[in-house]
Amino acid sequence: MSGTVELLDRNWQHFERLVARSERLLVAGRDERAAVGAMQAAAYACFNHTGLFASDRLENLLTALSARELPTARPADATIPPASRGGAARVLHVATQVYDTGGHSQMLAQWIRADEHRDHHVCLTDQADVPVADKVLAAVGGRASVSTLDRPFAGLLGRAAALRELASGFDHVVLHVHPHDVVPSIALTGRAGPEVLYVNHADHLFWVGTHVLDRLVNLRESGQELAVERRGVPRERNAVLIRPLDLRARSQGRAEAKVALGIDPRLVVVASAAAAFKFEPVEGQGFLDVVLPVLERYGDTRLLVAGPDPVGEWAALADRGQGLATGLLPDVRPVLEAADVYVDSYPFSSLTSMLEAAALGTPVITLRAPSQEPAVLDADTPELADHLQVASSSQDLRLRLGSLVDDARLRQALGEDTAQAVREAHADGAWRRSVDSLLEQRVALPGVPLTPATRRTGRLDARVALLMGGGRHAGTGGSSAVIAPLLSWQERIVTVRELVRARRRPAALLLVPASWVRVVKRVRAAAG
């Protein structure tokens with residue numbers, strides 16, 4: 001534990017130096033560079049846990065930037081789109097990027113589909129050359145209902161100016177942004193206008209935005225508890241809204257789904273789906289360490305996991321005939337439809353896939369060790385409070401999973417109860433009524449100030465540090481690479497040097513102007 005505390009302290013000290021540099025740039029009147037520095041600091045704190053989940057010092061810097069005079073927004077960026085339906089309340093959804101994989105893009109698309117009696121528009125602050133997710137385009141009605149702010153030569157302050165102008169034409173602004181995205185804070189903090197709701201979809205990470213939000217929309221109780229306890233967001237400014245789900249009927253039965261994936265339909269399929277890093281070992285134990293003993297005991301069981309690539313230990317799993325890792329999939333539905341039992345990813349939970357599996361009538365299991373701290377690395381969601389199978393230890397999970405593998409009737413009974421609980425929370429307009437309650441009940445906020453964010457180095461912070469420390473964005477180079485197009489040439493060279501020092505293969509395109517990168521990618525796409 002002492003080594004992890006030292007890691008947290010080192011990360012925090014480096015983060016403070018990054019914030020101090022941005023403060024000096026602000027004092028010198030170099031506002032654009034100060035904004036980029038703030039974003040660099042936020043990215044570092046997100047991917048290299050510091051013991052903070054929010055920073056008052058960084059929020060104050062962004063508030064000061066918001067008070068400065070911003071560049072004039074370009075008309076093409078800030079034009080308020082006409083309402084598609086007269087009289088309907090207008091909602092501006094702001095995201096950093098949306099792409100085909102990932103729970104936050106799925107949530108955004110499903111929110112728009114389910115809330116059909118309001119008028120929705122999507123604004124993207126840093127989509128770059130990533131194709132806008134088809135599911136988002138389909139939900140919002142096409143490209144005309146999507147504004148992108150990161151046009152060539154548009155800095156962070158230019159994007160903030162455009163967002164400020166654009167937001168003025170809406171009744172509600174909902175932020176689905178990446179944790180390090182400073183554009184909404186610079187655009188909207190301290191401004192009169194529509195209520196700003198921040199969706200806490202990354203409740204386990206540091207993020208910026210506590211000063212810009214009017215209310216924090218948590219997706220589960222543990223996220224709310226951490227926001228109150230560690231981010232300084234008073235309970236009165238918090239709300240809990242369960243994530244929307246696509247309750248599509250099965251396209252095929254379990255047996256047919258297994259056959260389609262090349263699996264003997266007589267086998268019991270244990271499935272999971274999440275980003276690869278959510279399965280990797282922390283403190284010597286990962287997902288496979290927990291589940292493998294059950295596969296070895298029950299020879300008629302196969303593990304099917306969407307997310308990790310079939311290499312290393314996942315390839316060995318396939319070589320032994322015990323299971324299959326598919327890599328990232330644009331749609332995990334085929335995997336979920338084949339599942340007899342769903343085991344939540346470990347050591348980091350993935351709620352969206354777990355809920356989608358539960359909706360299909362599949363019993364779901366998660367591992368949640370007892371703790372006095374908010375369980376944001378574990379699974380909790382209001383609609384499954386009484387039906388989620390919660391194991392308190394690795395051994396407990398193996399016993400519960402073994403019982404389900406061994407008893408088809410138990411699987412069916414638990415699966416039916418679980419599906420019914422999900423339907424009651426989401427079907428027949430239930431989720432839309434929750435959104436109505438959220439958006440129509442604006443809270444009087446002047447008497448409810450923020451409280452100071454707190455830094456700690458306890459068990460939760462140690463786990464977050466270890467979990468994020470193995471990711472590709474860890475370290476000064478890895479986190480800076482996230483915002484590389486905004487960095488100066490000197491900063492880009494330093495980033496590449498840090499990546500080389502960490503024995504990571506730096507992207508050569510970090511040293512190429514962003515406009516050239518776009519040309520290269522277009523040429524590659526045309527040739528391919």
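Author: Two strands pair if DSSP finds at least two bridges between them. The structure discussed here is a predicted model.

Reader: Over how many bridges do β9 and strand β10 pair?

Author: Leu303 of β9 has Gly323 as its bridge partner in β10, and the two strands run in the parallel sense. At least two bridges are needed for a pair, and for β9 and β10 (residues 323-325) the number of bridges is three.

Reader: What is the handedness of the β-α-β crossover from β8 to β9?

Author: Strand β8 (residues 268-273) pairs with β9 in the parallel sense over six bridges, and within this pairing Val269 has Arg302 as its bridge partner in β9. Between the two strands the chain passes through helix α11 (residues 287-297), and the crossover is right-handed.

Reader: Is strand β9 largely enclosed or left open by the rest of the structure, and how many of its six residues are buried?

Author: A residue counts as buried when its relative accessible area is under 20%. Strand β9 (residues 301-306) is largely enclosed by the rest of the structure, because the number of its six residues that are buried is five.

Reader: Which strands stand at the edges of the open sheet of seven strands?

Author: The order in this sheet is β3-β2-β1-β4-β5-β6-β7, with parallel pairing. A strand at an edge has a single partner, so one side of it is left without a neighbour in the sheet, and the strands placed in this way are β3 (146-148) and β7 (238-240).

Reader: Which residue in β4 stands opposite Val94?

Author: Strand β1 (residues 90-95) and strand β4 (residues 172-175) pair in the parallel sense over four bridges. Across this pairing, the residue of β4 that stands opposite Val94 is Leu175.

Reader: At about what angle to β7 does helix α9 run?

Author: Two helices that lie across strands of this sheet can be described in turn: helix α7 (residues 156-167) lies across β1, β2, β3 and β4, and runs at about 160° to β1. Helix α9 (residues 221-231), for its part, lies across β5, β6 and β7, and its angle to β7 is about 170°.

Reader: Within what arc do the buried residues of α20 fall, seen down its axis?

Author: The buried residues of α20 are Glu491, Arg492, Thr495, Val496 and Leu499, whereas the face turned away from them carries the exposed residues Gln490, Val500 and Arg501. In an α-helix, residues three or four places apart point the same way, because there are 3.6 residues a turn. The buried residues of α20 line one face of the helix, because they fall within an arc of 140°.

Conventions: Residues numbered from 1 in each chain as written. Predicted model: local features only at pLDDT ≥ 70, side-chain atom pairs only at ≥ 80, totals over all residues. Heavy atoms only, no water. Contact = heavy atoms within 4.5 Å. Axes fitted to C-alpha atoms, helices over the stretch in contact; angles between N-to-C directions. Buried < 20%, exposed > 50% of the residue type's maximum accessible area, 1.4 Å probe, protein only. Right-handed = clockwise from strand over helix to strand, strands pointing away. Arc of directions from axis to C-beta.
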